Amino acid sequence: MITQQDHLARILDLTAPLAVEEVPLAEALGHTLAANVMTTMDLPPWDAAAMDGYAISLEHFQPGTLPVTKTLPAGHTTPERIAPGEAAAIMTGAPVPAGADTIIPLEVFHEPSQSLPREITIDNIPKTDQHIRRRAEDTHAGALVAAAGTVLGPNHIGAIAATGTATVFTARQPSVAIISTGDELVAPGTPPDYGQIPDSNAPLVAATLTKLGAKPTQQLRIRDSQASLEHTIAQLEHTVDAIILTGGASVGAHDISNYVLSAWQHEDPTRAITFDTINIRPGKPQGFGLSPAGTPVWSLPGNPVAVLVSLHLFVAPGIAKMQRRSPEPHRLRVRTTKTLDTPKNMNYYMLATLNQGYATPLPSNSHLAVKMAQATGLLHVPAEVDGIEADQPVEYIAL
Ligand SMILES: Nc1nc2c(c(=O)[nH]1)N[C@H]1C(S)=C(S)[C@@H](COP(=O)(O)OP(=O)(O)OC[C@H]3O[C@@H](n4cnc5c(N)ncnc54)[C@H](O)[C@@H]3O)O[C@H]1N2
Ligand code: MOO
C-alpha cells in the first residue's frame, strides 16, 4: 500500500506542461493562461459620463438658465471644452468635456426624450464631481488583468476584451482518449441483457475532462482481452496527450488493465505503468505511468464512485499540470452534520450534500453510481483519524 500523497507525487512527476499557443479570445474559454495579461491602456481611457444628462462647469456658477451649447454622444471622438455658464448635453459613456465639473442627470430637468432642450434651468448650486467615471478608475496602463495560471471564465474574457486585447497565450488543452474496459458494458441507451450494465464511467470521465479544460477525443469500450487493450493503446498513444482507462485495475483474473499494462516495459523503468493499492477509499487500486511512446496513462478502478474520487484526486492535478496551472484541488472547510466513523490509516471520501456550511454524507459505497446525482461534493476523513464528530470541521471538495 502507498499513500495518496506518494501516488499523486508520481503523477505530477511524470506529467509535463504542454506547449503554449496564441488563441483568439473567442476560443479561450476554459483555457489556462500561460502568461500574465497586462493592460496597455488606462480604463476608462478618459473621464466619461456615467449618466445621460448635462455636463456643466461650476466655475463662478450662479443658479439660473444655461444654454445647451453641445451634444456629446458616446463615440464622440473630438475632444471638447465648455466655458463657465454653458451646459453640454452628454450621453453615458461619452468623454466629459474639459471644463466640466459635474453631470446632472436629464430627469432633473425633463422627461426622457430624443429631442433635447436648448437650455436648462438650475435652481441651486450643484455638487461637484457627480456621475463622472474618472480616467484609470478601473485599471491603469501596465497593470495586471489576469495572471498566468488563471482558468479563463467568461468574466476573465470580458475583462481582457475590455483592455482591447484580442488574443491570449494559453497552454494547449490536452487531448485525452477514454477507454472503458469490461465484458459487461453496453453503450448508455442500449438495453442491457442480464449480466450487462451501461457504461457510465466514460461519460463521467469525459464530462470531468471537459470541465477541467481538456478535450476528450474518444470514448471507447473494449472487452476484457489483452489483444484489444494492447491494440487500442498502440493506436492511441501517438495521437493523444493522455489516456484514461477504467476497470480492470484490481487483481481479479479478468482485470486485464492491471495484468497487461504492468507487464509493459518502458526504457526508463521509473516511468513504466505501475499498479498499487493506495490508502484511499473508494479508489484503492490505481495504475499510472507512461505508455511505451511516453503518453501518460491513468488506469482507474471500475466502480463509478471510485472513478469520481480518482478523477478529483489524481487525474485533475495531472491535467492541471499539463495546462500549466496549480494542481491543487479546491478544498473547503465545512462542518459535518453527522458523526463520520471510519477506520484509521485510510483516507475516506464520501459523497455529500452541502447546505449553509454543513455537509451531510450520502450512502457512498463505490458502486452506488446513481447516488452521485444527489451529491454536491466529497467529504474527506484523513487517514490519521478514525472519524470526525458531528458538528466538527471536515474537508470538502466541491464536485
Ligand atoms: N479480491 C479483491 N477484489 C477486489 C479488490 C481487492 O482488493 N481484492 N478491490 C475492490 C475494489 S476496492 C475495487 S474499487 C474494485 C476495482 O475493480 P477493477 O478496477 O478491477 O474494476 P472492475 O472489476 O472491472 O469493475 C468494478 C465494478 O465496476 C463496474 N464497472 C466497470 N466499468 C464500468 C463502467 N465503465 N461503467 C459502469 N460500471 C463499471 C463493474 O461492472 C464492477 O461492478 O475491485 C474490488 N475487488
Ligand atoms: O477502491 Mo474501491 O473503489 O474502495 O471500492
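How far apart are the end C-alpha atoms of residues 177-321, and how much of the span is helix and strand?

1. The model is predicted: local features need pLDDT of at least 70, side-chain atom pairs count only at pLDDT 80 or more, and totals for chains, interfaces and linings use all residues. Residues are numbered from 1 along each chain as its sequence is written, while chains are lettered from A and ligands numbered from 1 in the order in which they are written.

2. On the opening point, the end C-alpha atoms of residues 177-321 lie 18 Å apart, and the span is 32% helix and 27% strand. Helices (H or I, at least four residues) and strands (E, at least two) are DSSP runs, numbered from the N terminus. UniProt lists these residues, in an unreviewed entry, as "domain: MoaB/Mog"; its positions are given in the numbering used here, feature names are shortened, and annotations may be inferred rather than shown by experiment.

3. The domain assignment divides the protein chain into domain 1 (4-16 + 173-322), domain 2 (20-43 + 138-171), domain 3 (48-133) and domain 4 (331-398). Such bounds come from an automatic or database domain assignment. The centres of domain 3 and domain 4, taken over C-alpha atoms, are 60 Å apart.

4. An open sheet of five strands has the order 7-4-6-5-8, with mixed pairing; two strands pair if DSSP finds at least two bridges between them. Strand 7 (102-105) and strand 8 (119-122) are at the edges with a single partner strand each, so one side of each has no neighbour in the sheet. Neighbouring strands are turned by 40° against each other on average, direction ignored (axes are lines fitted to C-alpha atoms, for helices over the stretch in contact, and angles run from 0 to 180 degrees between N-to-C directions).

5. Within this sheet, strand 4 (residues 53-56) and strand 6 run antiparallel and are joined by four bridges, with Ile56 partnered by Ala87. Strand 5 and strand 6 are parallel, again over four bridges; Thr71 has Ala89 as its bridge partner. Strand 6 (residues 87-90) is covered on both faces, with Ala87 and Ala89 buried on one side and Ala88 and Ile90 buried on the other. A residue is buried if 20 or more other C-beta atoms lie within 10 Å of its own, exposed if 12 or fewer, and partly exposed in between; C-beta atoms are placed from the backbone.

6. Of the 27 residues around ligand 1, Asn201, Gly247, Ser250, Pro301 and Gly302 come nearest; a residue is near a molecule or strand if its C-beta atom, placed from the backbone, lies within 6 Å of it. Helix 3 (201-211) and helix 6 (304-322) each contribute at least two residues to this shell.

7. Ligand 2 is surrounded by Arg281, Pro282, Gly283, Lys284, Pro301, Asn303, Ala306 and Ser366. The peptide bond from Arg281 to Pro282 is cis, with omega near -5°, and Pro282 lies in the loop between strand 18 (280-281) and strand 19 (285-290).

8. A second point of backbone geometry concerns phi. Most residues other than glycine have a negative phi, and most peptide bonds are trans. Ala136 has a positive phi near 65° and counts as partly exposed, with 16 C-beta neighbours inside 10 Å. Asn345 has a positive phi near 75° and is exposed, with 11 other C-beta atoms within 10 Å.
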